[in-house]
Amino acid sequence: MNLRVLFTVFPLVFLGELPDKTMFASLVLASRGRPIPVWMGAAGAFVVHVVIAVSIGEALFAILPHSAVEVFVAALFAAGAVYSWLARNAKDEEADIAAAPSAWRMGLAAFGVIFVAEWGDLTQIITANLAARYHDALSVGVGALAALWLVAAIAVAAGSNLLKIVSVRTLRIVTAVVLLGLSAYSFVNAFTG
């Protein structure tokens, strides 16, 4: 393993992922009170994406049309926005928190959301490009994965403490608005990006 390559990849992927939609998705999922399963699900999805990016990244992006990936991601974000908006009227926030899905379901939900949202994402493209540039899949993969896992850990830590400050109802309204914005961004990006 080439540490120079690893330490070049880490900050590039970390900075690319920090303001990303997947960080926000991890934060929102962790706000349901189950941070460890959310991180594990996100971490698993990132493993799959890093393997794809470093092994067949460039070929995969040539096969999958960017616009189709972005439209699909936009639809998923829109569905999440509708769900969050409709669920905002929960009468008993304490019961809502207690009724949070099982750890297993939270982990699977996090895996699914992150897995879909990362397709064609900036950090996946960066990882594929760096793997092609350095011809060192292991060093690039480890650097990218460490950066993605750290960003997910930051998001999960923030999300797990969010309910101490913000009510569930407020969080759902904000979540719906942000997810709707991400949906619009992904849809516009499908035809302009």
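Does phenylalanine 14 count as buried or exposed, and at what relative accessibility? In this predicted model, phenylalanine 14 has a relative accessibility of 17% and is therefore classed as buried, the limit being under 20%. Phenylalanine 10, by contrast, is partly exposed, with a relative accessible area of 25%.

A total of 4 aromatic pairs was counted. In one of them, phenylalanine 10 and phenylalanine 14 are stacked, with 5.9 Å from centre to centre and 15° between the planes. Both residues belong to helix H1 (residues 3-17), where a spacing of 4 residues places them about one helical turn apart. Another pair, phenylalanine 187 with phenylalanine 191, is edge-to-face, at 5.2 Å centre to centre and 70° between the planes. These two residues also lie 4 residues apart, in helix H9 (residues 168-192), and are thus separated by about one helical turn. Phenylalanine 187 is partly exposed at 43% relative accessible area, whereas phenylalanine 191 is exposed at 58%.

The largest nonpolar core comprises 25 residues, and Val9, Val13, Phe46, Val50, Ile114, Leu130 and Val140 have the most contacts inside it. At least two residues of this core are supplied by each of H1, helix H2 (21-30), helix H3 (35-63), helix H7 (122-134) and helix H8 (137-162). H8 provides the largest share, 8 residues. Leucine 130 touches Val9, Leu12, His135 and Val140 when residues up to four places away in sequence are not counted. A further core of 6 residues lies apart from the largest one and includes Leu29, Ala30, Met106 and Val156.

Terms used. Residues are numbered from 1 along each chain as its sequence is written. This is a predicted model: local features need pLDDT of at least 70, side-chain atom pairs count only at pLDDT 80 or more; totals for chains, interfaces and linings use all residues. Side-chain values use heavy atoms; hydrogens and water are left out. Rings of Phe, Tyr and Trp (its six-membered ring) pair if their centres lie within 6.5 Å; planes under 30 degrees apart count as stacked, over 60 as edge-to-face and the rest as tilted. Buried means under 20% relative accessible area, exposed over 50%, partly exposed in between (1.4 Å probe, protein chains only). A nonpolar core is a set of buried Ala, Val, Leu, Ile, Met, Phe, Trp, Tyr and Cys residues joined through side-chain atoms within 4.5 Å. Contact means heavy atoms within 4.5 Å.
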